[in-house]
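Here is a short note for a colleague opening this structure for the first time. Please read the points with the model on screen.

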Amino acid sequence: MLWKLLFRNAFRHTLRAVLTVFGVAVAVLAFGMLSTLVDAWYAGVSAAAANRLVIRHAISLTFSLPIAYMEKIRAVDGVKAVSHMTWFGGIYIDRKNFFANFAVDPKSFLDLYPEFVLPEDQRSAFLKDRRGCVAGRGLAERFGWKVGDTVPLQGTIYSGDWPMVVRGIYQGRDKSTDENQLFFHWDYLNERLKERYLRRANRTGLFVIEITHADDAPAVAGAVDAVFKNSLAETLTETERAFQLGFVTMSEAILMAIRMVSLVIIGIIMAVVANTMIMSVRERMHEFAIFKTLGYRAFHLTSLILGESLVVCVAGGALGIACTFPALKILTGYVGNIFPIMDISPTTLWLDVLAVVTVALVAAAFPIQKVLTVRIVDALGRMA
Amino acid sequence: MSTTRPIIVDIRNITKSYRRGNQVIPVLEDISLTIAASEFLALMGPSGSGKSTLLNLIAGLDRADSGTIRVGGVDIAALSETQLAAWRAAHVGFIFQFYNLIPVLTAFENVELPLILTDLSRRERREHVRTVLGLVNLQDRMDHYPRQLSGGQQQRVAIARALVTDPTIVVADEPTGDLDRAAAEDVLVFMERLSRELGKTIIMVTHDPRAARRAATVKHLDKGVLANALEAAVPERV
């Protein structure tokens, strides 16, 4: 019967309860979406493989490296495979259609990135066609591309029109694999550069290597950088994770601000629910005095108030979590090109639950203390 | 007061005062009183005489500054708050002027409330509740919420709640104060029956001389002191 009492008390003032539940739901929704946004920022870091290292120009990522380094890198002890990739920065029709596109060495690249899953026939078609490209499933769905379609990319870093034929559509092996990228032949880029901008030809943005043992990463990185020390293009080798983290660090202040906003939202809703609980319990103080009169002890009274707070918060939390999924889907429609992976993580769900329970506990704390310490005769009012 | 019945409430030299700022207001001064088992006692007195305070002390809702109160042989001043709560649940039935029912619970659920704290099974609880609601003639109102009941019916639910644990004593604070004459008469007749036929010890605070006449014993309090004792057999009072 006490269960019934919890629910009946929680929704005794229907409008107030509904508004409070709605408030909690909105807070949980906002918290979940902001946390997912932060996770999306780190998606590249999460997807990084432990046995892959990235080699870039020691001065800056904007400087390229000679393609001739490839064989020297391959010769370093502990290096199992080498590939390279160059940020192309092409635009598809309009700037707002932004997506990542890279010129890669197709075979070694696909070998090095098994998380990009491509049907065998599409893989061989891509390898054979110098003007071919592969696009992620998300990208293909977004623009309605099919295998065989011609995609006209407009160069920004490398000016001109760059038409290429979709030879394959890859799927991500893992949930964290980005399916919104496009890869094409570095040879296609390089042959045009040789014709027009010879100084920019035969260079790549970065090398990616696979090492035999992930534990050897520092030693291999040191060995690679040592090879090119005192050269015109010194290298900086780091793990793929550290490389990705470097991008995230650039926007650390924004991430911090988002995290702060998440916490402020939880703080605000905590105050709102606490206020609701305080009002609700104060209005019914004489009822709690009746319970005390009848012999109900601290444990029972605490359970009644905390339970009531939990009913409201859990109802709001469940609604908020349920709304987070469709809300993220809608958000992905708008920012999917920047944040392709917007899946709510189990950690975020647990944080949602933790936030809900914390809000319920904090909101109930003051009313519980008040009810437990009030004298029965004072609360019943008319005694003496 | 019958001398053959055992003493159920034994009050010795209790005092009680309240503090309002720096001011100490004495409410009860050196009160000694005994109440026998099955006695129906009315405490009368003007407002502020301390009668409700005395009732609260007997019921374990408040604590005396000094003196002892033994109810059913238990020195309730020696009990901790938790023990006192358990003792109240087991030994005291409460009837209030404004019924003090929980508005979101039905009559049945209100009466069941004290039984939640017992070891009785759900089925046993339901049987007890049905029995006691039958006793107050409210079998057909079990599923009604307090707002759906008249004042007299609500007070009968409160009486049922007070009796459902079969307590040692029943304390009633102005039980007819909020009722019309007919409903008040019903409640008083019922309380009289409780004492006479079921042997319940009832301590009632009242302003109403008509209500007091239903009691077997009437005590007057004035300015915190038991002024006199008017004792009489019930038939003579009716």
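**Notes on the two-chain model**

1. Start with a helix pair in chain A. Helix 13 of chain A and helix 14 (residues 346-373) of chain A have axes that come within 8 Å and cross at roughly 150 degrees. The crossing of helix 13 of chain A past helix 14 of chain A is right-handed. On the side of helix 13 of chain A, the contact includes A:Ala298, A:Leu301, A:Ile305, A:Ser309, A:Cys313, A:Gly317 and A:Ile321. On the side of helix 14 of chain A, it includes A:Leu349, A:Val353, A:Val356, A:Val359, A:Ala363, A:Pro367 and A:Leu372. Keep in mind throughout that this is a predicted model.

2. Helix 13 of chain A has another partner. The axes of helix 11 (residues 252-283) of chain A and helix 13 (residues 298-335) of chain A come within 11 Å, and they cross at roughly 135 degrees. Helix 11 of chain A is therefore oblique to helix 13 of chain A. Helix 11 of chain A gives A:Val273, A:Met277 and A:Val281 to the contact. Helix 13 of chain A gives A:Ile305, A:Ser309, A:Val312 and A:Cys313. This crossing, of helix 11 of chain A past helix 13 of chain A, is right-handed.

3. Look next at helix 12 (residues 285-293) of chain A. Which of its residues are buried? They are A:Phe288, A:Ala289, A:Ile290, A:Phe291, A:Lys292 and A:Thr293. Their cover includes helix 13, helix 14 and helix 15 (376-380) of chain A. Chain B contributes to that cover too, with helix 2 and strand 6 (92-95) of chain B. Just after helix 12 of chain A, A:Gly295 has a positive phi of about 105 degrees.

4. Now the contact between the chains. Chain B gives 23 residues and chain A gives 19. On the chain B side, the elements that give two or more residues are helix 1 (51-58), helix 2 (81-91) and helix 3 (107-112) of chain B. Helix 2 of chain B supplies the largest share of that side, five residues.

5. The largest nonpolar core has 114 residues. Those with the most contacts inside it are A:Val24, A:Val359, B:Leu43, B:Ile58, B:Ala160, B:Val171 and B:Ile203. Helix 2 (residues 14-41) of chain A gives the largest share of this core, ten residues. A second, separate core has 48 residues, including A:Phe99, A:Trp162, A:Val166 and A:Ala217.

6. Leaving aside residues up to four places away in sequence, B:Leu43 touches B:Lys51, B:Leu54, B:Leu55, B:Ile203, B:Met204, B:Val205, B:Lys219 and B:Leu221.

7. Chain B has an open sheet of four strands. Their order is 2-1-4-5, and the pairing is antiparallel. Strand 2 (23-36) and strand 5 (74-75) of chain B are the edge strands, each pairing on one side only. Strand 4 (residues 66-71) of chain B pairs with strand 5 of chain B over two bridges, in the antiparallel sense. B:Arg70 has B:Asp75 as its bridge partner in strand 5 of chain B.

8. Is strand 5 (residues 100-104) of chain A mostly covered or mostly open? It is mostly covered, with four of its five residues buried. Strand 3 (residues 79-87) of chain A joins strand 5 of chain A through three bridges, and the two run antiparallel. One pair there is A:Met85 with A:Val104. Strand 10 (residues 181-185) of chain A pairs with strand 5 of chain A in the parallel sense over five bridges. A:Ala100 has A:Gln181 as its bridge partner in strand 10 of chain A.

9. Finally, two residues of chain A. A:Val134 is in strand 7 (residues 132-136) of chain A. A:Val134 counts as buried because it has 28 C-beta neighbours inside 10 Å. Its contacts include A:Leu118, A:Phe126, A:Ile169 and A:Phe183. A:Arg137 is in helix 7 (residues 137-143) of chain A. A:Arg137 has 15 C-beta neighbours inside 10 Å, so it counts as partly exposed. Beyond its sequence neighbours up to four places away, A:Arg137 touches A:Ile169, A:Tyr170, A:Gln171 and A:Glu179.

Note on methods. Residues are numbered from 1 along each chain as its sequence is written. Chains are lettered from A and ligands numbered from 1 in the order in which they are written. This is a predicted model: local features need pLDDT of at least 70, side-chain atom pairs count only at pLDDT 80 or more; totals for chains, interfaces and linings use all residues. A nonpolar core is a set of buried Ala, Val, Leu, Ile, Met, Phe, Trp, Tyr and Cys residues joined through C-beta atoms within 7 Å. A residue is buried if 20 or more other C-beta atoms lie within 10 Å of its own, exposed if 12 or fewer, and partly exposed in between; C-beta atoms are placed from the backbone. Two residues are in contact if their C-beta atoms, placed from the backbone, lie within 7 Å. Two strands pair if DSSP finds at least two bridges between them. Axes are lines fitted to C-alpha atoms, for helices over the stretch in contact, and angles run from 0 to 180 degrees between N-to-C directions. Angles under 35 degrees count as roughly parallel, over 145 as roughly antiparallel, 65 to 115 as roughly perpendicular and the rest as oblique. A crossing is left-handed if the near helix is turned anticlockwise from the far one by less than a right angle, and right-handed if clockwise.
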